[in-house]
Structure formats: C-alpha cells, structure tokens
Amino acid sequence: MTERERLGAALLGVPAATRTALEMAVVNGLGYREIARRLGESEDHIAGLLREGLLQLRAHVGGQGVAV
C-alpha cells in the first residue's frame, strides 16, 4: 500500500466534520478563518477539529512511514 493509500484509508476513519476541515486546510490551502466562515463555525472550533484530526491521523499512520 502506498503512502497516499494509507493516508486515504486513515482519513476514512476520521469523523466527517473533521475530515472536511482537514481537506479544506490541506487540499485547498484554506486557513482557520476561511474554513470557519465556510462551515459556519468558530475559528476555535475549527482549530480543535484540525488538531484532533491530525492526532487521529498520526495515531493511524504514524508508525507506517507516512508523514502527517
């Protein structure tokens, strides 16, 4: 399994709202303020989602040679 496939599989294990925020930040390059505006959430909430999402991804793929 490639690094991309492992990361994709790990993303499927992350809650939908967290996955959406991660994708907006990583794929689209959006910052907390813009993600919060688009999702109708506070910047603090988005920061928490991203923090938790990265922790969850690291837990899933951290020992598999995938940089998160």
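Let's start with the core. The largest nonpolar core has 14 residues, and Ala21, Leu22, Ile35, Ile46, Leu50 and Leu57 touch the most other members. By nonpolar core I mean buried Ala, Val, Leu, Ile, Met, Phe, Trp, Tyr and Cys residues joined through side-chain atoms within 4.5 Å. Buried is under 20% relative accessible area, exposed over 50%, partly exposed in between, with a 1.4 Å probe and protein chains only. Helices α1 (3-12), α2, α3 (32-39) and α4 (43-61) each give two or more residues. α4 gives the most, with five. Helices here are DSSP runs of H or I, at least four residues, numbered from the N terminus.

A word on the model. It is predicted, so local features need pLDDT of at least 70 and side-chain atom pairs 80 or more, while totals for chains, interfaces and linings use all residues. Numbering runs from 1 along each chain as its sequence is written, and side-chain values use heavy atoms, without hydrogens or water.

Take leucine 50. Beyond four places in sequence, it is in contact (heavy atoms within 4.5 Å) with Ala21, Leu22, Ala25, Tyr32 and Ile35.

Now the salt bridges. There are three. Each puts a side-chain nitrogen of Lys or Arg within 4 Å of a carboxyl oxygen of Asp or Glu. Glutamate 43 meets arginine 33 at 3.3 Å, N to O. Glutamate 43 is in α4 and arginine 33 in α3, so the pair ties together parts 10 residues apart in sequence. Arginine 33 is exposed, at 63%.

Glu34, Arg37 and Arg38 form a network. Glutamate 34 reaches arginine 37 at 2.6 Å and arginine 38 at 2.7 Å.
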